[in-house]
Amino acid sequence: MKAAVFAKHGLELRDVSQPQPKAGETLVRVRYAGLNRRDLTRTPGDEGEIPGMDWSGERVDTGERVMCMGARGYAEYACSACVLPVPRGVDLEQAAALPLALLTMHDAIVGNGRLRPGESVLILGAASAVGLMGLQIARLLGAALVIGTSRKPEHRDRLREYGADLALDTGDERWVQNVLEATRGKGADLVVDQVSGRLFNATQKATAIGGRIVNVGRLGGMNAEFDFNLHALRRIQYIGVTFRTRTRAEVADIAQRMRADLWPGLEAGKLRLPIDRTFALGEADAAQARMRADQHFGKILLRV
């Protein structure tokens with residue numbers, strides 16, 4: 001089969017062996033594969049490895065249309081233990097954009113963030129595909145106020161299309177004060193943080209006393225000063241999440257809970273993601289370059 005693999009310089013299209021599903025996995029003929037920030041991370045010795053964390057296509061055994069989360073998705077065939085049916089009314093292109101965003105944000109907002117109807121939600125880095133899904137999930141599940149952030153004005157202008165009541169620039173020194181004003185001095189009940197880094201202490205100031213911060217991403221840096229006294233004074237519950245250390249059973253439970261809460265909204269067209277651009281599989285290196293340059297709004301896809 002054809003696959004886009006890590007080469008010495010970037011990605012290149014190669015002929016590789018078709019994967020064989022292990023116990024509990026399903027073999028899928030991939031039609032579209034989504035790009036994620038994690039795909040850009042390279043480690044020593046990864047030459048020949050296939051990136052790709054979510055994709056859509058047809059099950060080889062039944063022909064059913066499915067969308068999947070897993071690994072090695074930049075290929076004509078991929079195996080996954082996390083396989084979801086494509087919701088009614090959703091095409092395969094849109095389906096490829098959904099799995100990681102749905103599972104990540106439902107787990108952050110509901111599973112760990114414990115959102116209650118009527119609360120306020122702040123999503124840092126809201127212009128990413130995962131962030132845009134978070135805005136919509138918060139709105140769908142009854143948040144009274146949804147705030148998103150982006151450093152780019154053209155992206156902030158579009159956040160309202162995806163559920164934001166207020167769009168802020170964290171490069172503006174007044175952004176914390178703007179959150180406090182919007183929440184009548186309280187701060188956000190739930191913060192989904194995709195930035196972290198040096199922004200974190202300001203994020204604590206924007207969080208309500210007794211509020212929750214769920215650490216989903218670290219685009220602003222892996223290390224920074226942590227104000228322990230501020231954390232204690234505001235009695236913040238700080239929760240870290242990732243799929244990298246979860247078992248297959250844990251992921252299956254997250255998927256089941258997500259389907260119970262979000263499937264009606266998906267089939268009603270209330271949860272969707274913009275497709276920024278679709279590249280051919282052989283253009284995977286150019287697709288990653290677009291993501292690395294932060295030129296996109298929404299999801300970048302590969303057509304397989």
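Me: Where does Asp 107 lie?

Reply: Asp 107 lies in helix H2. This is a predicted model, where local features need pLDDT of at least 70, side-chain atom pairs count only at pLDDT 80 or more, and totals for chains, interfaces and linings use all residues. Residues are numbered from 1 along each chain as its sequence is written, and side-chain values use heavy atoms, with hydrogens and water left out.

Me: Where is the kink in H2 centred?

Reply: On His 106, with an angle of about 25°. The bend at a residue is the angle between axes fitted to the seven residues ending there and the seven starting there.

Me: Why is Asp 107 called buried?

Reply: Buried means under 20% relative accessible area, exposed means over 50%, and partly exposed is in between (1.4 Å probe, protein chains only). Asp 107 has 7%, so buried is the word.

Me: What makes H2 largely enclosed by the rest of the structure?

Reply: The count does: 12 of its 14 residues are buried, so H2 is largely enclosed. Among them are Pro 99, Leu 100, His 106, Asp 107 and Asn 112.

Me: Which residues does Asp 107 touch?

Reply: Leaving out residues up to four places away in sequence, Asp 107 touches Asn 112, Gly 113, Val 241, Arg 246 and Ile 254. Contact here means heavy atoms within 4.5 Å.

Me: Why are H2 and H8 called roughly perpendicular?

Reply: Axes are lines fitted to C-alpha atoms, for helices over the stretch in contact, and angles run from 0 to 180 degrees between N-to-C directions. Under 35 degrees counts as roughly parallel, over 145 as roughly antiparallel, 65 to 115 as roughly perpendicular and the rest as oblique. The axes of H2 and helix H8 (residues 248–267) come within 10 Å and cross at roughly 100°, so the pair is roughly perpendicular.

Me: Which residues of H2 meet H8?

Reply: Leu 102, Leu 103, His 106, Asp 107 and Val 110 do, and their partners in H8 include Ile 254, Arg 257 and Asp 261. By class, the contact has eight nonpolar, one polar and three charged residues. Nonpolar covers Ala, Val, Leu, Ile, Met, Phe, Trp, Tyr, Cys and Pro; charged covers Asp, Glu, Lys and Arg; the others, Gly among them, are polar.

Me: Is Arg 235 buried or exposed?

Reply: Exposed, with a relative accessible area of 54%. Arg 235 is in the loop between helix H7 (228–233) and strand S13 (237–240), and its phi is positive too, near 50°.

Me: How do you know whether Ala 188 is buried or exposed?

Reply: Ala 188 has 1% relative accessibility, so it counts as buried. Ala 188 is in strand S11 (residues 188–193).

Definitions and conventions:
Helices (H or I, at least four residues) and strands (E, at least two) are DSSP runs, numbered from the N terminus.
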